[in-house]
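Dear colleague,

I am passing on the structure we spoke about, with my notes below it. Please look it over before reading on.

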Amino acid sequence: MKMIGSDYVLEAHNIFHTTEATLSVSFQQVDGGGCFNGAGNSALVLKGVNLTVHSGEVMAILGSKGDGKRALLDVISRRADGATRGQVLLNGSPLSKALFQQRCGYVTQSCTFVPGLTVAQTLHYTPTILSGYLKSSKVRQVLADLALSQVAHKRVEYLNISEARRLAIGIQLVRDPVMLLLDEPTHGLDPLSAYLLISILSNTAKKTGCGILLSLEKPRSDVFPFLDRALFLCLGGVVYSGGTRAMLEYFHGIGFPCPQLENPLMYYLCLSTVDRRSRDRFLESSQQIEALVERFSRETPISDAPINNMGSGKVPLAYGKPGELKVWVMLYLKLLASTFSCGLVGMKTLFLRLLLLPLAMSILWAFYTNVGDDAHGFFTRNGMILNILGLSYGCGILTTISLFPIWRKKFSQDTPEGLYSGTTLLIAYNSVSIPFSAVSAVIASCVIYPLLLDVKYSNGTVFAYLLVALWSSFVLAEQLTIAFLLVVKVPFNAAIAVTYVLVISIALASGTVRSFKGLQPWLQDNTKGTHTRYASSLLHSIAFQSRKLNCTPTASVICPKPADFMHERLGLPDPDETIDVAASCAFAVGLAAFNMLLYLFPMPRCVRQKFKD
């Protein structure tokens, strides 16, 4: 296998790309389809595109919206959906998806940061093959090169758009790529920030030897000196591709000189843009652009063979992908840093992970004190079990929809880079979440224990049963929510779906809403496949069998027998707590393991697009 040299060239030869789309007949605007839109129409979005970028150069892809700028970047980065023809080469070697992930970087318009982390922490916890002093030195260098040193200790949620955009670039630069692709990095920036960003990218290219390929929709004249090459696209065709200095001579030679005091980039971009103000102008401008594309293709033919065949040279220090274990460590440390960050985010995270469940259990003290052991007291305790289950499930759902979506979104953005799998993410997330949930369940058990039992006759085994019931309920709801969040983007919608599933489970299997005997035989059998049945059985055993009853029957007071009451509600007069403990834990841990497998499978295009947007 050839090594990629330190003097490298990225080449694209005769690129054609077709994607599934819905086309507007009059103006040919491309709009991607959804999950249920069918195959749609086949749209040719790139037509024979050629480009060349050398080390240390900055090349701009210019065009209006819908002209194929992002499609070209996606084709080069091997992220494009649809059929592609042509060659993309790096120093004469085919640029495969694996090679791009190892050697190149791609900065999209949407980049999610983990709240609670500082700028320096965000860069430091970016997985690379570097570690220790080398990693710290690289982070300091990137901070200085991107003018982020002054905000190194600023939390990412407080960054302005310019600082956030530079941080997104820094996340890629800390990996020391040989080629860096950027999708409209100046979008939404004010003129001064846009100028600063382009000048920084130019300096970075010259300093590190990184080739930079970026797309621009509305280039300003002050960025022209920082661009070494330009590619003008219109409706997927190339109007011009080459050096910016040669660009002026080329257009002058074909009869389109740039007027004095005009912005050359904007002038020739307007020349390469379809006029959609009327049908006649649309047809006239389309014919002119087709002529320009044909003329450039005829006058500057580019061979299909690579122009660079270097196969050896010095490999930059941070090349390659870090191992899965190292990535897991970075994710784990990032989760801990976010959890223990000093600020509102850290306080919110700690509250949700540690105190939400105990606080919810403490609410029950307002409703279930001084409950007797007569028939009315039995039904009251049965209602308390319903509330314990509902609150445990609800706390798991609320915690997950508050904390996990940012990691799910980050995962969807990092997946094309191939840094880690969904299993690695969930192992890291559960390595933090499960210990916290166990501690939270212990505190909650201490809160609720006196309501269920007399503390004078405390029993460690019974306390363990209560702990298992609370912890497994919390974890099951958490993992079920994580499963839904794989395909549901809006956390509230995922919470509604999980709540619906658990409400049905409580209604049928807990013995608190209706008795077991009142169910159809097939429903009685199906309840054995739910976590709620076993967690509820544990709570019933604690509330009715693990305590001394204080009830004297009279003419107006009925003292039911615990065995008879549990047989009616659960179908079992004497549940086996060992089976209930094992089954409750098995459901929670098993669902966590199932999620790790679920997150390994590739998602449909509609789901990927949903999280991408």
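Is C342 buried or exposed? C342 counts as exposed, because its relative accessibility is 60%, where exposed means over 50% relative accessible area, buried under 20% and partly exposed in between, with a 1.4 Å probe and protein chains only. C234, by contrast, is buried at a relative accessible area of 3%. The count of disulfides comes to zero, a disulfide being a pair of cysteine sulfur atoms within 2.5 Å.

Please bear in mind that this is a predicted model, in which local features need pLDDT of at least 70 and side-chain atom pairs count only at pLDDT 80 or more, while totals for chains, interfaces and linings use all residues. Residues are numbered from 1 along each chain as its sequence is written, and side-chain values use heavy atoms, with hydrogens and water left out.

As for the overall make-up, the protein has 21 helices and eleven strands, taken as DSSP runs numbered from the N terminus (helices are H or I of at least four residues, strands E of at least two). Of its 613 residues, 51% are buried.

Six strands form an open sheet of mixed pairing in the order 7-8-9-4-10-11, where two strands pair if DSSP finds at least two bridges between them. Its edge strands, each pairing on one side only, are strand 7 (104-107) and strand 11 (237-243). Strand 7 pairs with strand 8 (residues 179-182) in the parallel sense over four bridges, and V107 has L182 in strand 8 as its bridge partner.

The largest nonpolar core has 90 residues, of which L213 and F232 touch the most other members; such a core is a set of buried Ala, Val, Leu, Ile, Met, Phe, Trp, Tyr and Cys residues joined through side-chain atoms within 4.5 Å. Apart from it lies another core, of 70 residues, among them M330, L356, V432 and L570. Leaving aside neighbours within four places in sequence, F232 is in contact (heavy atoms within 4.5 Å) with residues including L62, V238, Y240, M247 and L269.

Finally, S505 is found in helix 16 (residues 491-509) and is buried, with a relative accessible area of 13%. Not counting residues up to four places away in sequence, S505 touches S510, T530 and T532.

With best wishes
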